[in-house]
Amino acid sequence: MFPCGHQVVLYSYYRSSCSWRVRIALAMKGVEYEYVPVHLVNDGGEQVPTLLIDGLTLTQSLPAIEYIDETRPGPAILPKDPKLRAQARTLAELINSGIQPLQNLSVLKVMGDNTANWAHSVITKGFDAFEKMVQKSAGTYCVGDEVTIADLCLIPQIANANRFKVDMSKYPTIVRIKEALETLPAFVAADSKRQPDTPEDQRA
């Protein structure tokens, strides 16, 4: 049994896709936590997400999600079936390792005037691959009919795709899954438009 007596604190930035994933996981499990807003640029930027939980400091989103899943009751975020779990992790890593790092803030700052074109290209290439893969695994969501870690990674990445004007009509399976996920309370609560540090002009 893991200790659960410590206060849970999440250092987060409203638009950080990595923070967003963790917020969804906490909401799915019904974990109450203190939200501490930090900025990715101001004062040199800070590391987000940083999750303080059970005396641990977790600074990578996927290990944080897996720890939440393994130590808190509620719907499973990683499937119990090994094959489904492998599919979910594969899709999650396609975004976590294959798309998101190439279009995050540190990379875009280096790209200068080519920022928008670079991000658009990276996301399009990644979603081309994701759409083909998810067509084989999807039910209502990315892997069958239960929400998994793949879905937690997908929704923030779609927000980035929209930000950089990616043509989402090319990805009907992704769009269908997005529409299903957006109705779920945990995804609504974790949305970037609803966080304490969301600018007023970007709130729903």
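**Entry 1: a phenylalanine in a helix.** I began with phenylalanine 187, which is found in helix α8 (residues 185-190). Phenylalanine 187 counts as buried because its relative accessibility is 5%. My classes are buried for under 20% relative accessible area, exposed for over 50% and partly exposed in between, with a 1.4 Å probe and protein chains only.

**Entry 2: ground rules.** A note to myself: this is a predicted model, where local features need pLDDT of at least 70 and side-chain atom pairs count only at pLDDT 80 or more, while totals for chains, interfaces and linings use all residues. Residues are numbered from 1 along each chain as its sequence is written, and side-chain values use heavy atoms, with hydrogens and water left out.

**Entry 3: helix α1.** Does the length of helix α1 (residues 17-29) agree or disagree with 1.5 Å a residue? Its 13 residues should span 18 Å, and the end C-alpha atoms are 19 Å apart, which agrees. The expected span here is 1.5 Å times one less than the number of residues. I then checked burial, and 12 of the 13 residues of α1 are buried. Among them are Trp20, Arg21, Arg23 and Lys29. After α1 comes glycine 30, with a positive phi near 70 degrees.

**Entry 4: aromatic pairs.** How many aromatic pairs does a search of the whole structure find? The search gives three. I count rings of Phe, Tyr and Trp (its six-membered ring) as a pair if their centres lie within 6.5 Å; planes under 30 degrees apart are stacked, over 60 edge-to-face, and the rest tilted.

Tyrosine 13 and tyrosine 14 make an edge-to-face pair, with 4.9 Å from centre to centre and 65 degrees between the planes.

Tyrosine 14 and leucine 152 are 138 residues apart in sequence, and their C-alpha atoms are 15 Å apart in space.

**Entry 5: the second largest pocket.** About 320 Å³ of space lies in this pocket. My pocket is an open set of points on a 1 Å grid over the protein atoms alone, with protein on both sides within 12 Å along at least five of seven lines; a 1.4 Å probe is used, and lining residues have an atom within 4 Å of a point. Of the 18 lining residues, the closest to the centre are Trp20, Ala159, Asn162, Ser192 and Lys193. Which helix gives the most to the lining? That is α6, with seven residues.

**Entry 6: positive phi.** A reminder first: most residues other than glycine have a negative phi. Aspartate 54 has a positive phi, near 55 degrees, and sits in the loop between β3 (50-53) and β4 (56-58). Aspartate 54 counts as buried, at 8% relative accessibility. Lysine 165 has a positive phi of about 60 degrees and lies in the loop between α6 and α7 (172-181). Is lysine 165 buried or exposed? Lysine 165 counts as exposed, because its relative accessibility is 71%.

Technical notes. Helix = DSSP H or I, 4+ residues; strand = E, 2+ residues; numbered from the N terminus. Points joined across faces, edges and corners; volume = space filled by probe spheres on them.
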